[in-house]
Amino acid sequence: MKTPKLLPWHARKAGIPIERATTLWHEAVREATVATGWVGNAEYWGEAMNAFLRLLEEEKEHFCAPCVTPFVRSQNRLWRLPLTAMEDLVSAVSASWQRYSAIARKAA
């Protein structure tokens, strides 16, 4: 059975491998078949997706993967800080220079 096209996105969002997400999808399909008794209608696919998201949340709670994204983002901001400060300084000097040159032209 084919997996949903959004399965890799859901797996990345939960922080689990795609192979494990595929296994969870197959388990969700089995649960949906038992719950609805039908295969292929809208109720069946809705139940399968709900079961998959529930299983994914349970797996996310048990999966021990450190979340380093906030740390990397803060390091990126710290790395860019000198560049941002230099850009602000150049902008201020440029504005000051333009104001000074405008005053000098009026006086002459």
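In the predicted model, a salt bridge joins glutamate 59 and arginine 20, with their closest N and O atoms 3.1 Å apart. This pair connects distant parts of the chain, as glutamate 59 belongs to helix H3 and arginine 20 to helix H2, 39 residues apart. The two partners fall into separate accessibility classes. Glutamate 59 has a relative accessible area of 18% and is buried, since buried means under 20%. Arginine 20, at 31% relative accessibility, counts as partly exposed.

The structure contains three salt bridges. Another of them is formed by the side chains of arginine 54 and glutamate 31, at 2.5 Å from N to O. Arginine 54 is located in helix H3 and glutamate 31 in helix H2, so this pair ties together parts of the chain that are 23 residues apart in sequence. Arginine 54 is partly exposed, with 37% relative accessibility. Glutamate 31 is also partly exposed, its relative accessible area being 28%.

Arginine 54 has a further salt-bridge partner in glutamate 58, and here the closest N and O atoms are 3.5 Å apart. Glutamate 58 and arginine 54 are four residues apart in helix H3, and are therefore separated by about one helical turn. Glutamate 58 counts as partly exposed at 35% relative accessibility. Through shared partners, the salt bridges join Glu31, Arg54 and Glu58 into one network.

Aromatic contacts were examined next. A pair of aromatic rings is described by the distance of the centres and the angle of the planes. The structure holds four aromatic pairs. In one of them, tryptophan 25 and tryptophan 45 are stacked, with 6.4 Å from centre to centre and 5° between the planes. Tryptophan 25 is in helix H2 and tryptophan 45 in helix H3, so the pair ties together parts that lie 20 residues apart in sequence. Tryptophan 25 counts as buried, at 4% relative accessibility. Tryptophan 45, in contrast, is partly exposed, with a relative accessible area of 35%.

Tryptophan 45 also pairs with tyrosine 44 in an edge-to-face arrangement, for which the centre-to-centre distance is 4.9 Å and the angle between the planes is 70°. Tyrosine 44 counts as buried, at 1% relative accessibility. Ring pairs link Trp25, Tyr44, Trp45 and Phe52 into a cluster.

Helix H1 spans residues 7-14, and its buried residues are Leu7, His10, Ala11 and Ala14. Viewed down the axis of H1, these buried residues fall within an arc of 100°, so they line one face of the helix. Arg12 and Lys13 are exposed on the other side of H1. The packing partners of the buried residues of H1 are helix H2 (18-36) and helix H3 (42-62). Glycine 15 follows H1 and has a positive phi, near 80°.

The remaining features concern helix H4. Leucine 89 is placed in this helix, which covers residues 69-107. Together with Met86, Val90 and Val93, Leu89 makes a nonpolar surface patch of about 380 Å². Leucine 81 is likewise found in helix H4. Leucine 81 has a relative accessible area of 52% and is exposed, the threshold for exposed being over 50%. Leucine 81 and tryptophan 9 are 72 residues apart along the chain, and their C-alpha atoms are separated by 32 Å.

Key: Residues are numbered from 1 along each chain as its sequence is written. Side-chain values use heavy atoms; hydrogens and water are left out. Patches are made of residues with over 30% relative accessible area and no salt bridge: like charges are joined within 9 Å, nonpolar side chains (Val, Leu, Ile, Met, Phe, Trp, Tyr) within 5 Å. Accessible areas come from the Shrake-Rupley method with a 1.4 Å probe; for residues, only the protein chains shown count as cover. A salt bridge is a side-chain nitrogen of Lys or Arg within 4 Å of a carboxyl oxygen of Asp or Glu. Helices (H or I, at least four residues) and strands (E, at least two) are DSSP runs, numbered from the N terminus. Buried means under 20% relative accessible area, exposed over 50%, partly exposed in between (1.4 Å probe, protein chains only). The arc is that of the directions from the helix axis to the C-beta atoms. Contact means heavy atoms within 4.5 Å. Rings of Phe, Tyr and Trp (its six-membered ring) pair if their centres lie within 6.5 Å; planes under 30 degrees apart count as stacked, over 60 as edge-to-face and the rest as tilted.
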